[in-house]
Amino acid sequence: MAYAAIMGYGVVGSGVFSVLRENAAFIEKQLGMPLSVKRILDLRSFSGGDAAPLLTHDAEDIINDTEINIVVEAMGGLNPAFEYTMRALRAGKHVVSSNKELVSVHGAELMAAAAANHARYMFEASVGGGIPIIRPLKHMLLTESVSQAAGILNGTTNYILSMMREHNAGFDETLKDAQRRGFAERDPSADVDGFDACRKLAILLSICVGRYVNFSKIPTEGISAVTKDDFTFASAAGDTIKLIARADIRDNVIDARVAPMVLSKESPLGVVNGVYNAVSFTFSAIDNILLSGRGAGKYPTAGAIISDMAEALRITEAAPMWSGAEAALSAPGEAIDARMVRMSYTDAQAARDAAERVFQTNDLIWIDAGIPNQTAFFTPPLKESEYDAKIRALSRAPGISVKNSFRLYAVR
Ligand code: HSE
């Protein structure tokens, strides 16, 4: 049995509690033991619900409880998070954190304290929300060094910029929306002025070079000067504007910057919109990799924390990743997909009528590509077996020949 405590019951802490509850059976199976939350530390009082009986206002209830072997620090800020983390590590407890401010300032001391006490200090959730970045980066760094790291590392600002570009939305209303959605920091200047992205870049660079990278020395600009007119001009050039955190590492010297930059809207970072983050690393042999996913939000961040908890608690890394027992795959014919069907015809209207009759709808989406005597349409989502029957019926209609069909990756 593993007992956890959660310090800080805000967006992230409450997300961890609820995901641990919902996935309890799966986590127990994967870990080989139950993982139960014993205490929750928060300054506020709350009543009702499963969390209320676990609430304490006194960190000593956690630090001095020898049964608690892992602590989630989701308090944010430097104080008292630093003191509590240090004391928990010195008491031999693992600490898992989403606190980028703390990691970027005191990461080295805290990791050293963890090592000295046979505990782990882990912080996958401090960079890029739900995206596994630190774990694959460490793995790659076993054999190769990084020459460039570049990415979108703040969900709030990427959400604001995307809404400004796509929906002509105003800055202030979109920031409030991001706050309501639980993306933004308590002090929104940390997001808007680029400091949050800067701290995350510093954490990644510290891992890349194995030395402390001082975030306060990274030139940082925010997004408050970006206007709708800027987007209009960038767009006319086929480009967009993103808050980019980028660093080139040459001969152990780091050239780093956080700033709004113009980039092709078709480029790997240009297509990353909304709360999504992405980061690319350039290695000498592997070349370039891109990691992408939800960069902020209650459940993605909680998921990253819980995966760190599982890794810290895992008894053996050598456990086989699968057994010989065969997993179930869904039966052929049961998969439900929409499709694009391309066909040739002798009479255009007769072909449309036949397709609408066979698919029993007047709402098929038709595609005119300007090829004589050919058309295509998107079907509604259908079971494979139903679709096959309909295509056979369509092929029997006079003057029609079905040429090809593809599953749609996403329903239109
Ligand atoms: N405020 C942060 C962001 C939260 O918007 O990316 C996740 O670190």
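**Exercise 1.** In this predicted model, decide whether strand β13 is largely enclosed or largely open, and explain why.

*Solution.* Begin by locating strand β13, which covers residues 339-345. Next, recall the cut-off that the reasoning needs, namely that a residue is called buried when its relative accessible area is under 20%. Five of the seven residues in β13 are buried, and therefore the strand is largely enclosed by the rest of the structure.

**Exercise 2.** Find which strand pairs with β13 over seven bridges, and state the sense of the pairing.

*Solution.* The partner is strand β17, made of residues 400-407, and the two strands pair in the antiparallel sense. To follow the pairing at the level of residues, take Arg342 and look across to β17, where its bridge partner is Asn404.

**Exercise 3.** Describe the protein chain as a whole, by its helices and strands, its extent and its buried share.

*Solution.* Start with the elements: the chain holds 14 helices and 17 strands. Then consider the extent, for the C-alpha trace spans about 80 × 55 × 50 Å along its principal axes. Finally, turn to burial, where 49% of the 412 residues are buried.

**Exercise 4.** Among contacts between residues at least 6 apart in sequence, state what percentage join residues at least 24 apart.

*Solution.* Consider the contacts in the protein chain that meet the condition of at least 6 apart, and of these, 68% join residues at least 24 apart in sequence.

Notes: Residues numbered from 1 in each chain as written. Predicted model: local features only at pLDDT ≥ 70, side-chain atom pairs only at ≥ 80, totals over all residues. Heavy atoms only, no water. Buried < 20%, exposed > 50% of the residue type's maximum accessible area, 1.4 Å probe, protein only. Helix = DSSP H or I, 4+ residues; strand = E, 2+ residues; numbered from the N terminus. Pairing = 2+ DSSP bridges. Contact = heavy atoms within 4.5 Å.
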